[in-house]
Amino acid sequence: MGTRRAILTAAAAEFAAHGFDGARVVRIAESAGVSHQLITYYFGGKRGLYEALSDQWLAESMRVSQSRTFADAARRYVHWAHEDPSWVHTLTREEPGTRPPAEDERAAELFKHVEELRERQARGEFRSDLDVGAVALVFFAASIAPVAIPWIARELGQQDPDSPEFIDHYAEQVGLIVSALAEATTATQAAQAAQAAQAAQAAQDEGSPVDGEPQD
């Protein structure tokens, strides 16, 4: 493992355990087996470490989102949170009501994510009457739930939320829920088309004039 990667791995564990305010660069240095000065050289300090990790997590999030259907991306997010829970713990340890480090950069990336979901909605991947921001928030929360609130996941799912069996089943269910939203759109469109066809047929059966033919 390279020095920079070792530092980021140690930083991810430190932020996950203590949050940004409680994290200490000296502990990160000890865990990575490097000097405090080397961390300063690479990242400039604790904030630089946090920003580098945020960039890393956001880049992975966008890569997953852009390379898959919405349903497949939702499944992958569940597995990703399970495989690398440090970013989930870091987010959930941020103090409510305070501005998180690298907030502007995060906001810009999240805006890109919302715009990408808006394009998915236009393609029919989920219903047009749903608010894109609400959809993004709901499925983000769903993807991290087994890690963020494991005891609730355990009680509701009646399984160990850290087990591969639970994660596989839960990820599949989240994907099916996303797919159901798209299927609802298709079903609604099909029903509307059928109703229109029935109405047109009824009008013809009642002797309604065809376009271009004069009425008696």
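**Questions on a predicted model**

Guide: Let us begin with Leu-181, a residue that is buried, its relative accessible area being 19%. The model before us is a predicted one.

Visitor: Which residues is Leu-181 in contact with, leaving aside its neighbours within four places in sequence?
Guide: Ser-128 lies 53 residues from Leu-181 along the chain, with 9.7 Å between their C-alpha atoms. With neighbours within four places in sequence set aside, the contacts of Leu-181 are Phe-126, Arg-127, Leu-130 and Phe-139.

Visitor: How many helices and how many strands are there in the protein chain?
Guide: Read from the N terminus on, the elements of the protein chain run α-α-α-α-α-α-α-α-α-α. The count for the protein chain is therefore ten helices and zero strands.

Visitor: What percentage of the residues in the protein chain is buried?
Guide: The protein chain has 216 residues. Among its contacts between residues at least 6 apart in sequence, 63% join residues at least 24 apart. The buried share of the residues is 37%.

Visitor: Where is the kink in H1 centred?
Guide: Helix H1 covers residues 3–22, and a straight helix of 20 residues would span 28 Å at 1.5 Å a residue. The end C-alpha atoms of H1 span only 23 Å. H1 also has a kink of about 80°, and the residue on which the kink is centred is Ala-16.

Visitor: Which helices do the buried residues of H1 pack against?
Guide: The buried residues of H1 include Ile-7, Leu-8, Phe-15 and Phe-20. Ala-16 is also one of the buried residues of H1. The partners of these buried residues are helix H2 (25–32), helix H3 (36–43), H4 and helix H6 (86–92).

Visitor: At what angle do the axes of H4 and H5 cross?
Guide: Two packed helices are described by the angle between their axes and the distance between the axes. The axes of helix H4 (residues 46–66) and H5 come within 9 Å, and they cross at roughly 145°.

Visitor: How do the residues of the contact of H4 with H5 divide by class?
Guide: H4 brings Trp-57, Glu-60, Ser-61, Val-64 and Ser-65 to the contact, and H5 brings Ala-73, Arg-76, Tyr-77 and Trp-80. The division is five nonpolar, two polar and two charged.

Visitor: How many charged residues has the contact of H5 with H8?
Guide: Helix H5 (residues 70–83) and helix H8 (residues 132–148) pack at about 35° with axes 7 Å apart, in a right-handed crossing. Phe-70, Tyr-77, Val-78, Ala-81 and His-82 of H5 meet Val-135, Phe-139, Ser-143, Ile-144 and Val-147 of H8. By class, eight of the contact residues are nonpolar and two are polar, while the number of charged residues is none.

Visitor: Is Val-114 buried, partly exposed or exposed?
Guide: Val-114 is found in helix H7 (residues 103–122). Its C-alpha atom is 6.4 Å from that of Gly-133, a residue 19 places away in sequence. Because its relative accessibility is 21%, Val-114 counts as partly exposed.

Visitor: What is the phi of Gln-158?
Guide: Gln-158 lies in the loop between helix H9 (150–157) and helix H10 (164–205), and at 62% relative accessibility it counts as exposed. Most residues other than glycine have a negative phi. For Gln-158, phi is positive, near 55°.

Definitions and conventions: Residues are numbered from 1 along each chain as its sequence is written. This is a predicted model: local features need pLDDT of at least 70, side-chain atom pairs count only at pLDDT 80 or more; totals for chains, interfaces and linings use all residues. Side-chain values use heavy atoms; hydrogens and water are left out. Axes are lines fitted to C-alpha atoms, for helices over the stretch in contact, and angles run from 0 to 180 degrees between N-to-C directions. Helices (H or I, at least four residues) and strands (E, at least two) are DSSP runs, numbered from the N terminus. A crossing is left-handed if the near helix is turned anticlockwise from the far one by less than a right angle, and right-handed if clockwise. Contact means heavy atoms within 4.5 Å. Ala, Val, Leu, Ile, Met, Phe, Trp, Tyr, Cys and Pro count as nonpolar, Asp, Glu, Lys and Arg as charged, and the others, Gly among them, as polar. Buried means under 20% relative accessible area, exposed over 50%, partly exposed in between (1.4 Å probe, protein chains only). The expected span of a helix is 1.5 Å times one less than its number of residues. The bend at a residue is the angle between axes fitted to the seven residues ending there and the seven starting there.
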